[in-house]
Amino acid sequence: MNKVRTGVDLAISEETWADYTAFVTGVQVGYDTQRRIYIVDALEKKMNFPTTVEALKVYDIVQKQRFHLSRHEVLVETVGYQEALHQHLKTNSDIHIEGYKPNVSKTERLTLVTDLIKNGMVIFVNNPAVERLVEQILGFQQETHDDLVDAFTLACAKHREYQSECEPQIGWI
């Protein structure tokens with residue numbers, strides 16, 4: 001089953017010092033242990049709330065058309081202001097949006113998906129937007145901004161949850 005998921009890291013300010021709003025899209029292809037995530041798109045831009053709402057609506061339509069889908073999943077962190085966007089889009093759009101409340105730090109979230117990269121389960125498509133994401137991953141904690149990294153970990157979160165469910169478990173009888 002193929003799924004297209006976009007992780008969204010929200011920021012509200014357009015000031016030069018502010019973080020960026022970031023979208024990272026992954027296409028999940030294959031079944032079970034043969035699943036792969038192709039990171040196909042990334043967007044990093046300073047946007048205010050109304051611009052973010054409209055940009056995400058357009059982005060959703062573009063991804064659905066690009067991959068000939070009726071459903072494109074959007075995962076957004078629901079901490080602070082981000083919860084407002086989640087609620088707004090859930091009630092005022094047809095975007096399939098899901099809130100995600102992380103219980104670990106950005107560093108820990110990146111660490112959790114690093115094994116997916118090392119094992120070849122995440123493949124980065126060669127384009128300038130995705131290259132910027134790779135730069136942020138390689139320079140994590142040294143780069144000025146890590147917004148694409150945060151969106152990337154969200155895009156991979158569901159895949160990581162699935163992998164955990166598939167790992168062999170030892171039980172007692």
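Tutor: Before we look at charge, note that Lys and Arg count as positive and Asp and Glu as negative, while His and the chain ends are not counted. Keep in mind, too, that this is a predicted model.

Student: With that convention, how many positive and negative side chains does the protein chain have, and how far apart do the centres of the two sets lie?

Tutor: The protein chain carries 18 positive and 25 negative side chains, and the centres of these two sets lie 5 Å apart.

Student: What share of the residues is buried, and what share of the contacts with a separation of 6 or more joins residues 24 or more positions apart?

Tutor: Buried means under 20% relative accessible area, and buried residues make up 45% of the 173 in the protein chain. Of the contacts with a separation of 6 or more, 63% are between residues 24 or more positions apart.

Student: Which residues of helix 2 are buried, and what covers them?

Tutor: In helix 2, residues 82-92, the buried ones are Gln 82, Leu 85, His 86 and Leu 89. Seen down the helix axis, these buried residues fall within an arc of 100°, so they line one face of helix 2. Their cover includes strand 1 (3-9), helix 1 (49-67), strand 4 (73-77) and strand 5 (96-100).

Key:
Residues are numbered from 1 along each chain as its sequence is written. This is a predicted model: local features need pLDDT of at least 70, side-chain atom pairs count only at pLDDT 80 or more; totals for chains, interfaces and linings use all residues. Side-chain values use heavy atoms; hydrogens and water are left out. Buried means under 20% relative accessible area, exposed over 50%, partly exposed in between (1.4 Å probe, protein chains only). Helices (H or I, at least four residues) and strands (E, at least two) are DSSP runs, numbered from the N terminus. The arc is that of the directions from the helix axis to the C-beta atoms. Contact means heavy atoms within 4.5 Å. The place of a charge is taken as NZ of Lys, CZ of Arg, CG of Asp or CD of Glu.
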